[in-house]
Amino acid sequence: MPSATPPLRKAGDAAAEAPGRLFEFQAQLPKLPVPALSETLPKYLRTIEPLLSKEAHAHSTRIVQEFAQSAQGQELQRRLEARAGEPGRANWLEEWWNDLSYMGYRDPVVPYVSYFYAYKDDRQRRKPTQRAAALVRAAWEFRRLVATRELAPETTKAGALCSYSYKFMFNATR
């Protein structure tokens with residue numbers, strides 16, 4: 001039976017960048033910046049602090065301080081900045097995030113990675129079957145809007161948000 005809505009296109013597919021409301025601001029969005037090593041390393045130390053004893057954290061702090069001043073630390077930072085500046089690369093982290101942190105992550109997706117949904121009490125549909133049918137219908141309509149790119153991009157007072165992840169919301173699994 002043919003689908004009532006067109007299939008979503010694969011990431012990287014030229015058609016995936018076709019015009020439509022959903023992606024209308026993508027080209028105007030700033031690239032993901034590479035944080036300075038001086039910003040990243042203190043965050044790393046704060047992140048590991050609750051996991052380590054005071055002695056182990058002090059040891060890690062010394063190692064991190066040495067790394068910050070080392071030629072190796074400076075070279076790795078330079079490489080990240082060069083990667084971010086490569087023509088055609090909108091996001092220096094995306095490939096690593098998708099391949100290593102998402103696809104390579106073997107814990108259950110739903111409690112640890114997936115989108116969060118909250119449902120309001122539906123006073124019109126009291127039976128579970130009615131609620132399930134309404135939810136499926138609404139999800140199908142949302143999918144249609146994403147697939148046809150009719151969905152308006154999310155915005156804030158500061159401007160449009162990236163819509164790229166919508167490409168992976170439906171018809172994908174890991």
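Colleague: What should I know about the ground rules, and what is the mean pLDDT of the protein?
Modeller: Residues are numbered from 1 along each chain as its sequence is written, and side-chain values use heavy atoms, leaving out hydrogens and water. As this is a predicted model, local features need pLDDT of at least 70 and side-chain atom pairs count only at pLDDT 80 or more, while totals for chains, interfaces and linings use all residues. pLDDT is the predictor's confidence in each residue, from 0 to 100. In this protein 85% of residues reach 70 or more, and the mean pLDDT is 85.

Colleague: Which element of the protein has the highest mean pLDDT?
Modeller: Elements here are DSSP runs numbered from the N terminus: helices (H or I, at least four residues) and strands (E, at least two). The lowest mean, 72, belongs to helix α5 (residues 109–112). The highest, 98, belongs to helix α2 (residues 54–69).

Colleague: And how many contacts does the stretch of residues 1–11 have beyond near neighbours in sequence?
Modeller: The pLDDT is below 50 over residues 1–11. A contact means heavy atoms within 4.5 Å. Beyond near neighbours in sequence, the number for this stretch in the model is 21.

Colleague: What pattern does the protein follow along the sequence?
Modeller: The secondary structure comes to six helices and two strands. Read along the sequence, the pattern is α-α-α-α-α-α-β-β.

Colleague: What share of the 174 residues counts as buried?
Modeller: Relative accessible area decides this, with a 1.4 Å probe and protein chains only: buried is under 20%, exposed is over 50%, and partly exposed is in between. Of the 174 residues, the buried share is 19%.

Colleague: Let's turn to helix α1: which elements are included in what covers its buried residues?
Modeller: Helix α1 (residues 37–48) has L37, L41, L45 and I48 as buried residues. They cover an arc of only 75 degrees around the axis, taken from the directions from the helix axis to the C-beta atoms, so they are on the same side of α1. The face turned away from that buried side carries the exposed residues R46 and T47. What covers the buried residues includes α2 and α3.

Colleague: How far apart are the end C-alpha atoms of α6?
Modeller: The expected span of a helix is 1.5 Å times one less than its number of residues. For the 20 residues of α6 that gives 28 Å. The model agrees, with the end C-alpha atoms at a distance of 28 Å.

Colleague: Which residues of α6 are buried, and what arc do they cover?
Modeller: The buried residues are R143, V146 and A147. They are on the same side of α6, because the arc they cover around the axis is only 90 degrees.

Colleague: How many aromatic pairs does a search of the whole structure find?
Modeller: Rings of Phe, Tyr and Trp (its six-membered ring) pair if their centres lie within 6.5 Å; planes under 30 degrees apart count as stacked, over 60 as edge-to-face and the rest as tilted. Searching the whole structure on that basis gives a count of three.

Colleague: Why does the pair of F142 and Y166 tie together separate parts of the sequence?
Modeller: The pair is tilted, at 6.1 Å centre to centre with 55 degrees between the planes. F142 lies in helix α6 (residues 128–147) and Y166 in the segment after β2 (159–160), so the parts joined are 24 residues apart in sequence.

Colleague: Which residues do ring pairs link into a cluster?
Modeller: F142 is partly exposed at 28% relative accessibility, whereas Y166 is buried at 10%. The rings of F142 and F170 also form a tilted pair, with centres 6.2 Å apart and planes at 55 degrees. F170 counts as buried at 18%. The cluster is F142, Y166 and F170.

Colleague: Which ring does R83 lie over?
Modeller: A charge sits over a ring if NZ of Lys or CZ of Arg is within 6 Å of the ring centre and within 35 degrees of the ring normal. K167 lies over the face of F23, at 5.3 Å from the ring centre. For R83 the distance is 3.9 Å, and the ring is that of W96.
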